[in-house]
Amino acid sequence: GKVLGVVKAIDVVASMDKQMKKKKVMELATTELIVVHENDRTGKAIELMDEYAIDRLPVVDDKGNLLNIVSLTDLMEHYFIMMQNKSEMRGRGALTMKGPRTIRSFRAKRPDLHEFPIKNFSSHVIITATEKESINNVILDMKKFEIGSMIIVRGKKAVGIIQQETC
């Protein structure tokens, strides 16, 4: 019943035996990827995340090439920024019940976050791994770049994803 410490992924890597450190990342990666296309609506991404209990989705183009990644955190940040901007507009007195800019007309034109293309909300993928890389190198890169997941690629195609929870 008493907390003794915290185990970090980097600690696990340091204690792994040589055989485990040499394993290829694809041995631990999730290979049945759920992806969204760049012009899919944000609502579809949220539905997929909910249905499959995941919090990150690779974003691909029409040819299936990896473009970037969208996370639940990305979507939440954008949503809260939108809500904050609306709140600031009301706070500055921009919206009144008189004149052409009424609260009613503002609400009627309020954008629905679920309808925006997902490409507007995704983070650019900068760090990827190839399927031949060792799990040791991938975990070290995730630690170095402070990222929670890494897309595994074959050429330009996403073939897997590894997350800290997987390691």
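1. K44 forms a salt bridge with D40, and the closest N and O atoms are 3.4 Å apart. A salt bridge here is a side-chain nitrogen of Lys or Arg within 4 Å of a carboxyl oxygen of Asp or Glu. D40 counts as buried, because its relative accessibility is 16%.

2. The model is predicted: local features need pLDDT of at least 70, side-chain atom pairs count only at pLDDT 80 or more, and totals for chains, interfaces and linings use all residues. Residues are numbered from 1 along each chain as its sequence is written, and side-chain values use heavy atoms, with hydrogens and water left out.

3. The whole structure holds five salt bridges. One of them joins R41 to E47, with the closest N and O atoms 3.1 Å apart. R41 is partly exposed at 31% relative accessibility. E47 is partly exposed too, at 44%. Another links D55 and R56, with the closest N and O atoms at 3.0 Å. D55 has a relative accessible area of 32%, so D55 counts as partly exposed. R56 is buried and belongs to β2. In general, side chains of opposite charge can pair when their charged atoms come close.

4. Helix α3 covers residues 42-52. Helices (H or I, at least four residues) and strands (E, at least two) are DSSP runs, numbered from the N terminus. Buried residues of α3 are T42, G43, A45, L48 and M49. A53 follows α3 and sits in the loop between α3 and β2. Its phi is positive, about 55 degrees, although A53 is not a glycine. A53 is exposed, because its relative accessibility is 71%.

5. E146 also deserves a look. Its phi is near 55 degrees, a positive value in a residue other than glycine. E146 lies in the loop between α6 (135-144) and β6. At 76% relative accessibility, E146 counts as exposed.

6. Strand β2 (residues 56-60) is mostly covered, with five of its five residues buried. R56, P58 and V60 point one way from β2, while L57 and V59 point the other way. In a regular strand the side chains alternate between the two faces of the sheet.

7. β2 has two partners to check. Strands pair if DSSP finds at least two bridges between them. Strand β1 (residues 36-37) runs parallel to β2, joined by two bridges. Here V36 stands opposite V59. β2 and β3 pair in the antiparallel sense over five bridges, with R56 opposite S71 of β3. These two strands, β2 and β3, form a hairpin with five residues between them. G64 in the turn has a positive phi of about 85 degrees.

8. A separate point concerns β5, β6 and β7. They form an open sheet of three strands in the order β5-β6-β7, with mixed pairing. Its edge strands are β5 (128-130) and β7 (157-163), each pairing on one side only. Neighbouring strands of this sheet are turned by 35 degrees against each other on average, direction ignored. For that angle, axes are lines fitted to C-alpha atoms, for helices over the stretch in contact, and angles run from 0 to 180 degrees between N-to-C directions. β6 and β7 run antiparallel and are joined by six bridges. V153 stands opposite A158 in β7.

9. The largest pocket has a volume of about 340 Å³. On a 1 Å grid over the protein atoms alone, a cavity is a set of points where a 1.4 Å probe fits but cannot get out; a pocket is an open set with protein on both sides within 12 Å along at least five of seven lines; lining residues have an atom within 4 Å of a point. Grid points are joined across faces, edges and corners, and a volume is the space filled by probe spheres set on the points.

10. The lining of the largest pocket comprises 17 residues, of which I69, S123, H124, I147 and S149 lie nearest its centre. Elements giving two or more residues to this lining are β3 (66-71), α4 (72-91), β4 (123-124) and β6 (149-154). The lining divides into eight nonpolar, six polar and three charged residues. Ala, Val, Leu, Ile, Met, Phe, Trp, Tyr, Cys and Pro count as nonpolar, Asp, Glu, Lys and Arg as charged, and the others, Gly among them, as polar.

Notes
Buried means under 20% relative accessible area, exposed over 50%, partly exposed in between (1.4 Å probe, protein chains only).
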